[in-house]
Amino acid sequence: MEDQPSVAFKKLHVVRSSVFQKPNQVRSWWKKLTNPTIYKHSDVITDMDCCPTSPYNYTCCSSNKCTTYHGATNDIIRVYTGSNEYLSVSYRSDGNLVACGSSSGYVDIYDEQHSMNHPLRTIKAHKSGVHVVKFSTDRTQLVTGCGEGWLKLWDIASSKSLSTSHLHTQRVKCASVFGNNPSIFITGSYDHNIRMIDWRTKDVVTLTIAHETPVENLALHSNGLLLLSCGGTFVNVWDLNMNASCVHRINAHSKTVTSLAFSHSCSYFHSSGLDSNIKSYNMQTFEKLDSVRYTDPIIKICITDNDRRVMACLLNNVDNYGLLYVKSHKTAEKTTVTTNEDTLDVNKSFFKRYFHDTSEIHQIDKIRRPETVKYQPYEMFLRKFEYIKAFGYVFNKKHNLEAGIVIEVMKELMRRSALFSAMKGAYFHSIISMLSFINRNIMKPQHTIFLVKLTNFYLDHRRKLPNLENGLQNHENFIKYSAELEKLMKILNLEMKCFKPTFEILGALDLIENISMIPQAIQNGHQLDQ
């Protein structure tokens with residue numbers, strides 16, 4: 001049988017998909033953000049906003065001052081000083097005016113163009129602190145929101161109130177302007193609700209969205225159809241064109257998400273949280289593209305309209321002061337994040353490319369929204385940085401909390417370096433309850449290590465607690481305090497009696513181990529001599 005001719009194989013070139021070769025442009029954008037500049041403020045930074053016009057100046061609030069930085073040089077150009085603490089700040093769309101809301105309920109409007117350090121207008125807006133200020137798109141009106149849930153619409157020229165509505169039951173935390181319509185706003189509150197309001201209508205509220213957690217921030221897409229909201233550890237994406245249905249949820253951070261920001265073309269968005277991370281996501285696929293870690297928890301982020309600068313407000317937990325962390329592009333050229341392929345068509349609904357069949361839309365409408373989750377009081381105290389109240393709540397015998405919950409709260413206070421300040425401001429009976437709690441649980445193996453650490457911390461700082469010294473002047477309080485300390489001493493002495501035989505056994509085992517190693521050491525010595 002004749003041999004068959006061999007077949008000549010030709011190596012084929014493997015054509016790889018362009019999807020896998022496409023570089024991560026957001027990551028390269030973050031790498032170009034170099035030359036960081038850090039500004040330290042004496043108090044916590046409560047809010048920040050960026051001017052929408054060149055040179056993109058930015059202003060942040062800390063204590064009773066609003067500091068404005070130059071968008072090109074990052075130098076301080078002016079400082080607005082008020083009589084009370086400033087809680088919120090907002091630029092007008094033309095960049096000529098900036099409004100600052102204070103804790104006393106006043107709103108100061110400054111002239112940014114003529115660099116006037118005294119207010120151009122001062123409005124007595126609310127009885128409580130003003131947490132939200134927003135200019136309308138026609139530049140003639142101003143919306144304010146307070147900690148009691150009230151919203152008011154003001155005429156800037158006359159400083160008169162045009163409308164007042166009590167739309168929320170708790171603090172109004174954030175607001176967003178709806179497109180080019182000067183009468184429509186979207187607000188978010190700690191009462192777990194997002195509301196769209198139209199000041200032209202009688203009922204004002206045109207849409208209500210149930211949010212599972214307190215709403216920390218809102219971001220509206222440029223097409224006016226997609227709304228981002230953050231609260232808890234996740235970010236929700238709402239389609240306002242489909243009865244405000246939640247079309248996607250992103251479990252973004254391990255701790256509370258505090259702020260959202262879109263890129264200039266709205267093809268990407270960024271989220272920041274108390275876990276000290278800023279994460280970037282693709283608006284088409286909701287895929288996480290990059291993550292940047294900072295040194296401290298992040299309260300607010302802002303990105304300039306030309307995508308050349310990122311400002312992050314950080315909270316230093318050690319000394320309880322604010323940091324403004326600014327990153328800028330090292331190149332002078334204008335840098336953008338997106339390409340033509342990734343740019344969204346603002347004239348079309350973004351989700352039409354996903355829902356080609358109407359049956360899918362009806363199926364989404366039938367999805368049951370999860371029930372509203374309410375935070376426990378001690379969680380709310382920690383979120384508001386009210387450490388003294390959190391300490392007093394967990395050690396209140398009326399609440400009868402589990403030992404694991406109390407220990408987790410104490411660990412969180414230690415991580416924030418706020419345990420001493422909580423003890424210093426706590427009442428005397430809270431200190432007694434803490435010692436009683438230690439006596440009940442220090443012998444439990446799962447709690448022993450941390451409670452010993454907590455006890456040492458207390459003993460090191462007990463002479464610096466004024467409420468404790470004042471309480472001990474009462475004879476009855478002194479007897480209770482002494483009884484708890486004696487009980488703790490008995491428990492520890494009993495524990496030491498159990499540990500003493502254990503230490504003796506460990507010493508004997510260590511001696512036996514050392515004796516067993518002597519022949520090997522002698523043998524090694526002989527080998528070295530040879």
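**First stop: a tyrosine and its neighbours**

Select Y458 and show what surrounds its side chain: leaving out residues up to four places away in sequence, Y458 touches M423, I431, M434, L435, L465, L468 and Y481. Keep in mind as you look that this is a predicted model.

Now widen the selection. Y458 is one of the residues with the most contacts inside the largest nonpolar core, alongside F391, M410 and L413; that core has 38 residues. To see where they come from, colour the helices α4 (377-383), α5 (387-394), α6 (403-415), α7 (419-425), α8 (428-441), α9 (445-461) and α11 (475-516), each of which supplies at least two residues of this core. Highlight α8 in particular, as the largest share, seven residues, comes from there.

Another core lies apart from this one; it has 19 residues, and you can find it by selecting L33, L289, I303 and V310, which are among them.

**Next stop: an enclosed strand**

Select residues 184-189, strand β15. Six of its six residues are buried, so β15 is largely enclosed by the rest of the structure. Look at each face in turn: I184, I186 and G188 are buried on one side, and F185, T187 and S189 on the other.

- β14 (residues 172-177) pairs with β15 in the antiparallel sense over five bridges, with A175 opposite T187. Six residues lie between these strands in their hairpin, where G179 has a positive phi near 55°.
- β16 (residues 193-198) also runs antiparallel to β15, joined by five bridges, and D198 is the bridge partner of I184. This hairpin has three residues between its strands, and H192 in the turn takes a positive phi of about 70°.

Note on methods
Residues are numbered from 1 along each chain as its sequence is written. This is a predicted model: local features need pLDDT of at least 70, side-chain atom pairs count only at pLDDT 80 or more; totals for chains, interfaces and linings use all residues. Side-chain values use heavy atoms; hydrogens and water are left out. A nonpolar core is a set of buried Ala, Val, Leu, Ile, Met, Phe, Trp, Tyr and Cys residues joined through side-chain atoms within 4.5 Å. Buried means under 20% relative accessible area, exposed over 50%, partly exposed in between (1.4 Å probe, protein chains only). Helices (H or I, at least four residues) and strands (E, at least two) are DSSP runs, numbered from the N terminus. Contact means heavy atoms within 4.5 Å. Two strands pair if DSSP finds at least two bridges between them.
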